[in-house]
Amino acid sequence: MKYRAPRGTRDILPDESWKWQRVESVFRETAARFGYSEIRTPVFEETELFARGIGDSTDIVRKEMYTFADRKGRSLTLRPEGTAGVVRAYVEHALGRGGRVTKLFYFCPMFRYERPQAGRYRQFWQWGLESLGSLSPVVDAEIIHFSVSLFARLGIRGTEARVNSAGCRECTPAYNALLKERLAVRLPEFCEDCRARFERNPRRMFDCKNEACLTVLKDAPSILGSLCDGCRRHFERVQAYLARMSVPFRVDTSLARGLDYYTKTVFEVHYHGLGAQSALCGGGRYDQLVEDAGGDPTPACGVSSGVERLIAALESEGALPEAQPGPAVVVVTMGDEASLAGAALAAALRERAAVEMDYQDRSIKAQLRDAARLGARVAVIVGADEVARGEAVVKDMASGEQRSLPVGEVVGEVARLLAA
Ligand code: AMP
């Protein structure tokens with residue numbers, strides 16, 4: 001074979017794509033219930049948008065962007081995350097005109113130049129929500145509730161929401177200074193990456209995956225002690241809303257999201273069945289980003305989540321059927337004339353149900369075996385005798401009972417069996 005999918009990418013074949021469809025359809029339904037509408041932004045944007053929006057001390061911007069020059073020499077980047085493009089579109093189209101709140105969702109591929117490993121790809125998928133235009137902590141709570149409720153609707157039990165505050169521009173300088181002061185003496189215990197993070201932005205040390213670093217960080221001061229009055233009040237209200245909405249959560253002061261734009265609330269929803277990488281989604285408030293992207297000052301809050309990881313969680317939880325649900329009806333035929341009659345029946349039945357038929361002139365026995373393997377509830381059988389009599393046999397696959405009926409009555413009988 002000459003060609004292969006590029007390193008870090010993969011094909012989602014039919015034996016898997018049905019799982020994706022299920023996740024996407026439950027996600028879309030849940031988004032509709034919470035009043036979010038879809039936005040589809042371009043796969044690539046000007047590089048500058050991501051470099052400035054995501055923050056140049058982040059791993060994404062420093063080493064993971066798929067950046068290229070187009071034929072006119074413009075620097076473009078395949079989107080590594082969803083928020084920057086949504087914010088760009090929000091500003092470009094003045095979606096917040098008249099001070100209204102804009103609630104958007106996306107479900108699309110992202111691109112990061114990462115070392116491929118289990119569950120890590122260079123093209124992967126995320127779903128996400130962005131709610132722009134409100135400072136109210138009820139928005140933060142609603143987005144956390146959405147995430148927990150989506151996972152529950154998909155059949156994942158025992159998720160846990162963890163919340164923290166990232167502070168704002170007013171309170172973070174003091175916290176950063178405190179962190180540096182406390183961690184300076186322990187710097188030799190940190191990995192090289194963390195030592196570099198210490199210089200650039202000590203908060204990013206919390207992103208480290210290294211157990212040794214995380215252990216030292218357990219002794220680091222909590223940000224909650226450094227919050228300004230506004231941030232502290234907001235965080236209390238988010239918790240009050242979550243409690244009243246019956247969303248289970250816990251405050252986790254070591255929680256720091258890997259992006260620079262978060263202010264106030266940050267959160268993740270974890271699932272124990274995934275091992276160390278247990279976050280199913282993460283998000284928070286980003287009250288400065290819209291203004292930084294050239295828009296009017298607009299508070300906002302969002303969440304994003306990797307779909308590959310979500311599907312892995314569904315599999316480990318046994319929340320998906322073993323196989324894709326098969327067709328409800330299989331039309332079985334023998335011979336050219338029967339094939340014509342069978343195709344006509346399949347065409348009529350497809351107005352009501354999923355129907356499969358044979359395309360390879362196989363024996364009736366082989367076709368019926370297939371019908372059973374696919375889990376069909378009804379088989380409609382047309383052989384030479386049935387053609388001669390203008391009839392077809394309708395077989396209930398579960399009970400094995402079968403009846404020969406005039407062709408004109410087949411659709412009604414199949415519908416009756418499927419409804420039973
Ligand atoms: P982040 O935007 O880095 O917070 O990532 C959000 C989620 O996207 C993660 O929790 C992962 O589930 C998923 N994700 C990030 N990078 C990748 C990747 N390279 N391959 C697959 N999933 C990813």
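A residue counts as buried under 20% relative accessible area, as exposed over 50%, and as partly exposed in between. Keep that scale at hand as we walk through this structure, which is a predicted model.

You will find Ala 94 in the loop between α4 and β5 (102–111). The backbone deserves a look here too. Most residues other than glycine have a negative phi. Ala 94 is not a glycine, yet its phi is positive, at about 45 degrees. Ser 246 is another case: it has a positive phi of about 60 degrees, again without being a glycine. This serine belongs to the loop between α9 (229–244) and β8 (249–251). Is Ser 246 buried or exposed? With a relative accessible area of 63%, Ser 246 is exposed.

The largest nonpolar core holds 42 residues, and within it Trp 127, Leu 129 and Phe 151 touch the most other members. Which helix gives the most to this core? That is helix α5, spanning residues 137–154, with 9 residues.

Next comes the empty space. Rolling a probe the size of a water molecule over the atoms shows where such space is left. The second largest pocket has about 470 Å³ of it. This pocket is lined by 30 residues, and those nearest its centre are Thr 172, Arg 203, Asp 260, Tyr 261 and Tyr 262. By type, the lining divides into 12 nonpolar, 11 polar and 7 charged residues. Several elements supply at least two lining residues each: α2 (47–54), β7 (159–165), α6 (172–184), β9 (263–271) and α10 (289–292). Helix α6 gives the most, with 3 residues.

Thr 83 lies in helix α4, which covers residues 83–92. Why does Thr 83 count as buried? Its relative accessible area is 6%, and the cut-off for buried is under 20%.

Now for the ligand. Around the ligand you will find Arg 112, Glu 114, Gly 119, Arg 120, Tyr 121, Phe 124, Gln 126, Arg 257, Ala 279, Gly 306 and Arg 309. An N or O atom in the side chain of Arg 112 is 2.8 Å from an oxygen atom of the ligand. For Gln 126, the distance from a side-chain N or O atom to a ligand oxygen is 3.0 Å. Tyr 121 uses its backbone instead: one of its backbone N or O atoms lies 2.7 Å from a nitrogen atom of the ligand.

Val 331 sits in strand β12 (residues 329–333) and is buried, with a relative accessible area of 0%. Its C-alpha atom is separated by 7.2 Å from that of Val 355, 24 residues away along the chain. Leu 417 is found in helix α15 (residues 407–419), and its 16% relative accessibility makes it buried. How many residues separate Leu 417 and Lys 395 in sequence? The two are 22 residues apart in sequence, and their C-alpha atoms are 9.4 Å apart in space.

Two further pairs complete the tour. Ala 354 lies in the loop between α12 (336–349) and β13 (355–357) and is partly exposed, with a relative accessible area of 45%. Ala 354 and Ser 305 are 49 residues apart in sequence, with 32 Å between their C-alpha atoms. Asp 15, in helix α1 (residues 14–33), counts as exposed at 58% relative accessibility. Between Asp 15 and Lys 209 there are 33 Å from C-alpha to C-alpha, and the two are 194 residues apart in sequence.

Note on methods: Residues numbered from 1 in each chain as written. Predicted model: local features only at pLDDT ≥ 70, side-chain atom pairs only at ≥ 80, totals over all residues. Heavy atoms only, no water. Core = buried A, V, L, I, M, F, W, Y, C linked by side-chain atoms within 4.5 Å. Buried < 20%, exposed > 50% of the residue type's maximum accessible area, 1.4 Å probe, protein only. Helix = DSSP H or I, 4+ residues; strand = E, 2+ residues; numbered from the N terminus. 1 Å grid on protein atoms, 1.4 Å probe; cavity = no way out; pocket = protein on both sides within 12 Å on 5 of 7 lines; lining within 4 Å. Points joined across faces, edges and corners; volume = space filled by probe spheres on them. Nonpolar A, V, L, I, M, F, W, Y, C, P; charged D, E, K, R; others polar. Near = heavy atom within 4 Å. Polar contact = N/O pair within 3.5 Å; in protein donor to acceptor, adjacent residues only side chain to side chain.
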